[in-house]
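Let's take a walk through this model together. Have the sequence and the 3D view side by side as we go.

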Amino acid sequence: KKIVYTEIQTNDEGQVREFFQASYKEYMDEYPAIKKMVKGVLSKELKETRVDRDNQSKFFNYSSIASYYRKSGGIFLVAAQYDSKTGKRKVVGTIGLRRCEEKDVQTGTMEVFRLAVDSQFRGRGIARNLLEAIEIYAQEQGCFKLLANTLTILEAASNLYRSCGFHTERENPLGAKLSMTTFVKTII
């Protein structure tokens, strides 16, 4: 079964929300800050599209997650395993890219969000492919600097960013046992 990389579609949203929650599940009991972050992300940035079934418009398939990222000049991509026999997609990876502040337009900065790959699909280059895809998109948007934040307990993510040319800009403590690393990469 082939992996395809596309912008998120409305029918991917439930899987993306479940996938995001599952990727932090093992940390939520030990780190209340992570549980709070997951809840906030699900209610704001990874909100499901609400559809009035009686008044469906031709824009029905435009995801509210896509809209959230697009309104800041960004994009939200999924890696999906596509079954050509059934036509079904299984989301196995995600990544978002957006500008966070107005000054990001002037500074040419965009930030990477929600990079995750299903544990059964790791080691196949999916995260690297997603990063490469958003890097190309960022360049097309006039961006020349990427930021990425990750929790220090997510060592595989930190290693991936380093192997893809990011370097550590700073570490911010998030309490006694938890901290966030900000990575930066200059792109041409």
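Predicted model: local features only at pLDDT ≥ 70, side-chain atom pairs only at ≥ 80, totals over all residues.

Which element gives the most to the lining of the largest cavity? A search of the whole structure turns up 1 cavity of 30 Å³ or more, and the largest cavity holds about 40 Å³ of space.

Now look at what surrounds that space. Val-16, Phe-19, Phe-20, Ser-23, Leu-46, Phe-76, Thr-94, Arg-114 and Ala-116 line the largest cavity. Two elements, helix H1 (13–28) and strand S4 (109–117), each give two or more residues to this lining. That brings us back to the opening question: H1 gives the most, with 4 residues.

Which residues of H5 are buried? They are Ile-126, Ala-127, Leu-130, Leu-131, Ile-134, Tyr-137 and Ala-138. These residues cover an arc of only 135° around the axis, so they sit on the same side of H5. If you look down the helix axis in your viewer, that arc of 135° is the thing to pick out.

Stay with the chain a moment longer. Just after H5 comes Gly-142, which takes a positive phi of about 85°.

Methods: Residues numbered from 1 in each chain as written. Heavy atoms only, no water. Buried < 20%, exposed > 50% of the residue type's maximum accessible area, 1.4 Å probe, protein only. Arc of directions from axis to C-beta. 1 Å grid on protein atoms, 1.4 Å probe; cavity = no way out; pocket = protein on both sides within 12 Å on 5 of 7 lines; lining within 4 Å. Points joined across faces, edges and corners; volume = space filled by probe spheres on them.
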